[in-house]
Amino acid sequence: MRNIGILAHVDAGKTTLTERILFLTGATYKRGEVHHGTTVTDFDPQERERGITIFAAAVSCTWRGEQLNLIDTPGHVDFTDEVERSLRVLDGAVVVFDGVAGVEPQSEAVWRQADRYGVPRLAFINKLDRPGADFEASVRSLRERLGVTALVAQLPVDGGVIDLVGPRPDREDVRAARRRLEEAVAELHPAALEELGDMSDTTLRTAMRELTLSGQAVVVLGGAAYRDVGVEPLLDAVVDYLPAPTGDPAAPLSALVFKVQAAKQGRLTFVRVYDGVLAKGDTVWDAARQRTERAGRILRVQADRVTDVDRAVAGDIVALAGLKSARAGTTLSTREHPVLLEAPAAATPLVSVAVEARTRADAQRLPGALAVLAEEFSVRVSNIDGQTLLSGQGELQLEVAVTRLREAGVAVNVGRPRVAYRETVAGGVRGFVHRHVKQDGGAGQFAHVVLDVAPLEGTDFEFASAVTGGRVPAEYVRAVEAGCRDALAEGPLGGDPVVGLRVTLVDGSTHVKDSSEMAFRTAGRSGLRAALAACTMARLEPVADVTVSAPSDALGAVLGDLAARRGQVTGSTSQSVTAVVPLAELFGYATDLRSRTRGRATFSTRPAGYRPAA
């Protein structure tokens with residue numbers, strides 16, 4: 001078995017590659033096409049209308065006797081949470097690159113995501129049939145921009161590719177490419193070094209697999225998925241070089257929920273089984289929520305089609321029907337052997353829009369529709385100043401979310417997008433005294449804390465205690481920290497979350513009867529809020545790295561527009577410019593860019609953190 005993700009920058013051909021894999025392995029009887037809206041994995045109406053992948057889709061097929069569980073992930077930056085959740089449960093990945101553009105901003109972003117999870121991967125340089133495609137230049141961009149050791153395992157020739165491992169034609173260019181591959185492998189692998197000059201295919205293939213699994217190197221292949229070039233060798237490479245699951249079917253159950261989807265079959269909960277066996281009808285234990293759930297059905301998923309199976313074993317990726325409360329990140333185990341697995345990291349929302357129901361009937365349906373949206377889709381729902389806010393990674397994601405509400409039969413009015421600001425401490429305070437004293441006839445509350453607040457670079461929040469002599473017991477210190485974390489939700493400038501500060505509890509006192517953990521948590525929360533009001537605070541705004549590609553005669557207009565949007569140019573060539581731009585200035589940028597360049601420019605973005613707001 002192989003659990004593999006297909007990752008890429010938007011429009012690198014990732015979904016087309018997945019469709020060709022399904023066709024060549026016999027999982028489908030005809031080729032699905034993105035431009036015809038006939039793909040298996042992009043089955044959602046919005047995906048087919050927009051021509052992009054929005055939701056990670058799971059499919060299965062078989063190659064050389066191995067079951068391949070593939071997850072086709074989104075390439076657009078707004079849907080990075082879908083990639084993150086998928087990578088958390090995958091054993092390997094194929095990263096697809098455009099043979100003309102090489103490493104693009106979002107392909108670099110997904111590569112770094114895979115790095116964080118230690119996922120071994122292959123590189124597939126696609127679209128080599130396009131004018132301007134350059135295999136060697138794309139390999140150089142892998143080395144220069146991603147810092148990888150590239151093991152080039154194929155030689156593109158005459159509209160096809162020649163494998164350098166296994167039978168190959170007796171040509172000088174092939175022999176030279178094979179020598180370069182052997183030398184690159186021998187530099188990293190002792191056994192291969194011993195055979196340098198007369199290396200067998202078995203030694204070379206074994207060494208390449210070991211280097212791939214250890215992350216020391218990346219096997220690079222090429223082709224043109226649309227024309228079925230290089231797809232079969234890529235499938236061979238998946239089996240030869242990427243890892244199989246290592247779980248133990250005899251061990252107690254441990255499985256991780258990584259996705260929840262509202263489907264025509266009902267609420268589907270996607271899980272990766274790490275150990276043990278999960279059978280249809282089994283009762284499972286959610287240790288985090290301390291409750292049981294019943295897996296009514298186990299489904300093998302083929303995008304929007306499902307097949308019932310009796311059980312799932314260690315290594316499987318399946319969907320469960322019948323679970324009521326499990327969410328992405330929930331661990332399923334047995335009550336006798338409870339387990340908590342690390343949940344996928346969630347991206348910080350950057351953009352929000354306010355939504356309100358148009359009619360009284362819509363107002364009654366809206367809460368239920370939002371609840372489904374929030375668990376299936378990576379948007380967050382909050383209520384500030386009486387407004388219902390949808391928050392996510394970008395305009396496109398929120399457009400899709402609003403369309404989902406309307407498809408559910410809820411008519412809504414939508415406000416203008418607004419970015420998610422942050423507040424930070426520019427100048428701190430020392431020895432800030434706060435007393436929480438409450439007497440209302442019953443048991444009283446007393447907590448006295450003294451806080452130092454200081455700016456902190458590179459980390460959102462740190463808490464420390466410098467209290468001596470036991471003046472504040474350890475359990476109350478923990479309560480003060482919890483209260484301080486509560487206070488970070490809203491800052492004094494505009495009610496935005498607070499980041500970049502260090503709080504030190506330097507002193508305090510207790511009351512023999514009226515002190516409690518609750519009193520000290522309240523003191524931590526209200527004390528830090530008061531201390532922040534006394535600090536010098538600064539507002540931060542989200543910024544994005546923007547790359548614009550345009551003809552040289554249009555770059556002047558592009559640069560002028562970026563300057564008007566408070567962009568800081570970080571680099572340029574004869575046909576492109578990169579800049580850091582406040583996210584608030586990018587609303588409607590696609591339309592403006594097309595207008596200024598007569599449709600000749602394209603751009604891509606990726607989050608670049610926060611900087612002081614102007």
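A cavity here is a set of points, on a 1 Å grid over the protein atoms alone, where a 1.4 Å probe fits but cannot get out; lining residues have an atom within 4 Å of a point. Points are joined across faces, edges and corners, and a volume is the space filled by probe spheres set on them.

This is a predicted model, in which local features need pLDDT of at least 70 and side-chain atom pairs count only at pLDDT 80 or more, while totals for chains, interfaces and linings use all residues. Residues are numbered from 1 along each chain as its sequence is written, and side-chain values use heavy atoms, with hydrogens and water left out.

Select I4, I6, I21, L68, L70, V94, L234, L235 and V238 to display the lining of the second largest cavity. By class, this lining has 9 nonpolar, no polar and no charged residues (Ala, Val, Leu, Ile, Met, Phe, Trp, Tyr, Cys and Pro count as nonpolar, Asp, Glu, Lys and Arg as charged, and the others, Gly among them, as polar). α9 (231–241) contributes the most, with 3 residues.

Next, select A58, V59, S60, N69, L70, F270, R300, V301, I317, V318 and A319, which line the largest cavity. Its volume is about 70 Å³. The lining comprises 8 nonpolar, 2 polar and 1 charged residues.

Finally, colour domain 1 (2–241) and domain 2 (254–333): the largest cavity lies between them because both give residues to its lining. The domain bounds come from an automatic or database domain assignment.

Technical notes:
On a 1 Å grid over the protein atoms alone, a cavity is a set of points where a 1.4 Å probe fits but cannot get out, and a pocket is an open set with protein on both sides within 12 Å along at least five of seven lines; lining residues have an atom within 4 Å of a point. Helices (H or I, at least four residues) and strands (E, at least two) are DSSP runs, numbered from the N terminus.
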